[in-house]
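Subject: Structure handover

Hello,

Here is the structure I promised to pass on. My notes follow below it.

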Amino acid sequence: MVSEKQRGIRHRASSQRTRVLLMETLMSAVAARPAATVKRIAEVDFRSGTSLEQLAAQVQELVQLEQGEFGDQTALEVHTAKDFIFNMLGLVQKVDKRLPVANEYLLLSGGAREGVLDLNPEDLGDYARGVDFDLDFTLLVPALKLHDRNQPVTLDMRQSPPCHSWLSLRLCDPAMLARWGICCEDEANGQREEDEDGEEEGGSVLGSIPSLQSPQSLDGCYFSPLLVTDWFWNVVGTAVEELRRNPQRGIPVPDRIERNGPLTTLILKAGTSRVLYDLLPVVSFRGWPAVAQSWLTTNHFWDGKITEEEAISGFYLLPCCSPAAGSASRPDREWRLAFSRSEVQLKKCVPYPMAAAFQAAKAVLSRLLARPRTGLSLYHLRTLLFWACDRLPVAYLSCPEQETPARLLLGLLDDLAHCVLGKNCPNYFLPQYNMLEHLTDGAALLVARKLAHLRSDPAEHLRAALEQARQACQLKREAAGTSNGHGVSSPSRGPSAAGSPQDDRLAQRLQQLVTENPGKSISVFLNPDDVTRPHFRIDDKFY
């Protein structure tokens, strides 16, 4: 028989088990359950409704298309075109004797219309990739090198807008004045008069400009950018014509030479490539201008990636006046400050997604801004690129997500539209200089409407840019096939060179060297009188 006491103990134990089970049931009911796998919703641009994944794919295809055509044969043709340019400038120096003997050129990838320089866009001329040229470059040619002066780089900016300067003769020594007297102007008497004999000796040049004998009174004498560009156009044209009259086998052929504002534009036929060079005479300085010293005291995206010495190794004066209308602009006096040497270093620090977005933005905007020219250029977009890299976290700019280039592309377009509507785009190196201050209300409204149209359907504009790039590549392939398949020859190579297997063997040899020596510098040297014996240099060794 079970006692009352035992039955009570059993009852309490059973009740306790019941409460525990009930508590476990309640806990399991409110406990967090593992989330079910949900497919990620595709990100869409709010303004246009376009899928960012689609935009990013178009950006990537455009970048690959513009970079993928640079094969070994093209590299060899670009190399020969560059040699032609430097040989031509060497001829200018030899005959004219004004360019520095040991000069330091700056070669920029992309023509002046690609926004590599801050030049007035209405002066740049119209050229289309695939129709007029296949590859384009800009070459800064120092007419004066003011490198070794042991004095602060203080410019005469008293009479010009921000980012512009007059260049006083006070910076130059007598020997330099003797060479450049033809490009000097005296504030009172204008351009100096030349002797009937043309070239003059150093003493007569010094005597032809009042006050040159007195260093204390040189403030009224200036280098004229207009006279410098006139001189450069004439001497380059003469040198090109001289080379045209004496063609040599294997040397590129000058196809067109044209003047576009301060630029001398030269298009060369090198094998199957048409290479465009925008040549610009400049004044080159070492050091950093005093007016831009404050730029060095702020934080930048390149901090820790390159040294300050690399970022501020020098600057230039371009023969370009202020875009301001009326008497405020002095094209015969004003030079524009340019920091191209620094920009080359800074671009190395731009994260890849941002660089890809910038390249895509250039492609769609180059079509949009071509006609009519309204004072806005692709250099303004380059300026916004640097400002954005300073403003935004590097983790955002270099995010590995597939949609990142598309987000950055739309951001650059929005930034540009904001600047145009406000007519405000501070220069990256001299923020006190508003690069869009000269825009009229009508011009700003016209550009803003174009940007709004682009922003409403960026995918369609990218498709148009892609199609244009494909057509340019197709035209080059057809030209290469016609040249190789049908034996079309150029004046520089002669009939006997048409279809010659020597070019193929050279390209194959170069391909082999590239494959066997990854990461090394490889150069090809050709003797114009005997192109059958090329010499190769791998780093410091010759073969």
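A disulfide here is a pair of cysteine sulfur atoms within 2.5 Å. By this rule the count is 0 disulfides. The sulfur of Cys 163 has its closest cysteine sulfur in Cys 320, 9.8 Å away, which is too far for a bond. For Cys 389 the closest cysteine sulfur is in Cys 349, at 9.3 Å, again too far for a bond. Cys 163 is buried, at 1% relative accessibility. Cys 389 is buried as well, at 4%. Buried means under 20% relative accessible area, exposed over 50%, and partly exposed in between (1.4 Å probe, protein chains only).

Ground rules. This is a predicted model, with residues numbered from 1 along each chain as its sequence is written, and local features need pLDDT of at least 70, while side-chain atom pairs count only at pLDDT 80 or more. Totals for chains, interfaces and linings use all residues, and side-chain values use heavy atoms, leaving out hydrogens and water.

Confidence. pLDDT is the predictor's confidence in each residue, from 0 to 100. The protein chain averages 81, and 72% of the residues score at least 70. Over residues 485–501 the pLDDT is below 50, and this stretch has 21 contacts in the model beyond near neighbours in sequence. A contact means heavy atoms within 4.5 Å. Residues 527–531 also stay under 50, with 7 contacts beyond four places in sequence. Where pLDDT is low, the predicted coordinates should not be read in detail.

Overall build. The protein chain has 15 helices and 14 strands. These are DSSP runs numbered from the N terminus: helices are H or I with at least four residues, strands are E with at least two. Of the 543 residues in the protein chain, 47% are buried. Among contacts with a separation of 6 or more, 73% join residues 24 or more positions apart.

Helix 6 covers residues 225–245, which is 21 residues. How far apart should its ends be, at 1.5 Å a residue? The expected span is 1.5 Å times one less than the number of residues. That gives 30 Å, and the end C-alpha atoms are 30 Å apart, so the two agree. Its buried residues include Trp 231, Phe 232, Val 235 and Val 236.

Helix 8 (residues 340–347) has 6 of its 8 residues buried, so it is largely enclosed by the rest of the structure. Arg 341 and Glu 343 are among the buried ones.

Helix 10 (residues 378–391) holds Arg 382. Arg 382 is buried, at 7% relative accessibility. Leaving aside neighbours within four places in sequence, Arg 382 is in contact with Gly 115, Val 116, Glu 343, Lys 347 and Phe 358.

Rings. The structure holds 18 aromatic pairs. Rings of Phe, Tyr and Trp (its six-membered ring) pair if their centres lie within 6.5 Å; planes under 30 degrees apart count as stacked, over 60 as edge-to-face, and the rest as tilted. Tyr 428 and Phe 429 form an edge-to-face pair, 5.2 Å centre to centre with 80° between the planes. Tyr 428 is buried at 2%, and Phe 429 is buried at 2%. Both belong to a cluster linked by ring pairs, which includes Phe 285, Trp 288, Phe 386 and Trp 387.

Best wishes
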